[in-house]
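Trainee: I have a protein model open and want to learn how to read it. Could you take me through a few features?

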Amino acid sequence: MGVVASGCISGEKTSTATASQSGSTETGKVIELEFWHGIESPDNQKVLEDLVKKFEAEHPNIKVKVVNYGAQDKAVPKIMAAAQAGTPPDLVWLNPAQTGFFAEAGVLAPVEDFIKNDPSFNKDDIYAGLWELGTYKGKIYTAPFDTNNLAIYYNKELFKEAGLDPEAYMGKALTWDEFRGLAKKLTKDKDGDGEIDQYGFMVPFGRLEWTVWTWEVFLWSAGGELLSEDQSKPTFASDAGVKALQYWVDLVYKDKVAKLSEPNAGYKLDDFFAGRVAMTINGPWNYPVLKDQGWLEKTGVMLMPYDKRIATNIGGENLFIFKTTPEREQAAWEFAKFVMSPEFQVTWALKTGYLPVCKSALEDPEYKEFMEENPFIKIYVENLQYGKARPPVPQYPDMSAAIGEAIEAALLQKKDPATALKEAQAEVEPLFKS
């Protein structure tokens, strides 16, 4: 974060050194790349740093400086400011929904160009759907770094206390009505003071991307879409969108079986660990945290509740290579190839809980054994079949911001869901006409 603010990003980033073994850079120079990310978990940051050291050992002519830019929700303005100032990072770890925004800005070195000029890279080893996440107007701009999806964590101990068999729910998908009924059974006033101490579910609250990203699953589940089929106009204020947002509001206020998360912190596990909520939306990336804190055996995973269809939001991050110099861009591509290799992906998956982006990783004996021993992870892998993804259009950040404000207003009961979503849609419609 301080790097952008102080303007301390060097423009050239090269220094004389030992001749390179790689054909990617000019002989006699060490290329110094800057890689920005927003990985929150200290454990996962350590895994990344160790893998970067491994890459540097294999590519002695390339050095990678790792910089944490802070909250991903607030990263885009920082990244764009650096790019506009002519001092962009070489590589950025960011959600692929931002692909269109940066592609339109003309600041990216398209990944497709590197693929076409590199016969050593096997594009088909990466899942086709993940390439689509980084594609804008028919061209691949960004490369998959890792992937994940959303499901429901549940507290097995609280299920047992409610007379429920926790193992019966592993990997299951409940209808919205079934889920509401389950949340009711898990909502309790434990000390008899007339106040609820344990809620069945936690509804993500706030206006930032986590809230929007999780709500999109309910929109899709109800049969709705964010955009029209040709992506020419927003359609999230449909009957399906209103139904999805009303479901959240009702869980909190009508059914009284859910509590709101702290603002823009629906991904945090404090309430879950403390037993204040029995179920919460989250992903596989917390695997190391759950394991280290003795929660892996106590945490069950069920699929997201559904209305008309089972759905989940495919997440994870992509690598964005920014325009700098041909030499630095080529070095950045060498790092991107390393990230997409089974060498990186298996280690990253085993130690962080993220899911591999390359098919060959799933054939790795160690990863196969890992999945069989960890139903927590296996459920998320199988859940990918129900995944959809945010459209990588340049209008997405503004659309997300408008949807986030609508969700927040509805959850605060300042506006009814229909009014909130229709006003948000009217606000972003002009962006699709320009």
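Predicted model: local features only at pLDDT ≥ 70, side-chain atom pairs only at ≥ 80, totals over all residues.

Trainee: How many helices and strands does the protein chain have?

Mentor: Helices (H or I, at least four residues) and strands (E, at least two) are DSSP runs, numbered from the N terminus. The protein chain has 19 helices and 15 strands.

Trainee: What radius of gyration does the protein chain have?

Mentor: The radius of gyration is taken over C-alpha atoms, and the globule rule is 2.2 Å times the number of residues to the power 0.38. For 434 residues, a compact globule would be near 22 Å; the protein chain has 22 Å, so the two agree.

Trainee: What percentage of the residues is buried?

Mentor: Buried means under 20% relative accessible area, exposed over 50%, and partly exposed in between (1.4 Å probe, protein chains only). Here 58% of the 434 residues are buried.

Trainee: How many salt bridges are there?

Mentor: Side chains of opposite charge can pair when their charged atoms come close. A salt bridge needs a side-chain nitrogen of Lys or Arg within 4 Å of a carboxyl oxygen of Asp or Glu. The structure holds 25 salt bridges.

Trainee: Which residue pairs with lysine 139?

Mentor: Aspartate 113 does, with the closest N and O atoms 3.3 Å apart. Lysine 139 lies in strand β6 and aspartate 113 in helix α5, so the pair ties together parts 26 residues apart in sequence. Lysine 139 is partly exposed, at 25% relative accessible area. Aspartate 113 is partly exposed too, at 32%.

Trainee: Where does lysine 243 find its partner?

Mentor: The side chain of lysine 243 meets aspartate 307 at 2.9 Å, N to O.

Trainee: Which residues are linked in a network of salt bridges?

Mentor: Asp118, Glu334 and Lys337 are.

Trainee: What is the phi of glutamine 231?

Mentor: Glutamine 231 has a positive phi of about 60°, although it is not a glycine. Glutamine 231 sits in the loop between α9 and α10. Asparagine 264 has a positive phi of about 55° and is not a glycine either. Asparagine 264 is in the loop between β10 and α11.

Conventions:
Residues numbered from 1 in each chain as written. Heavy atoms only, no water.
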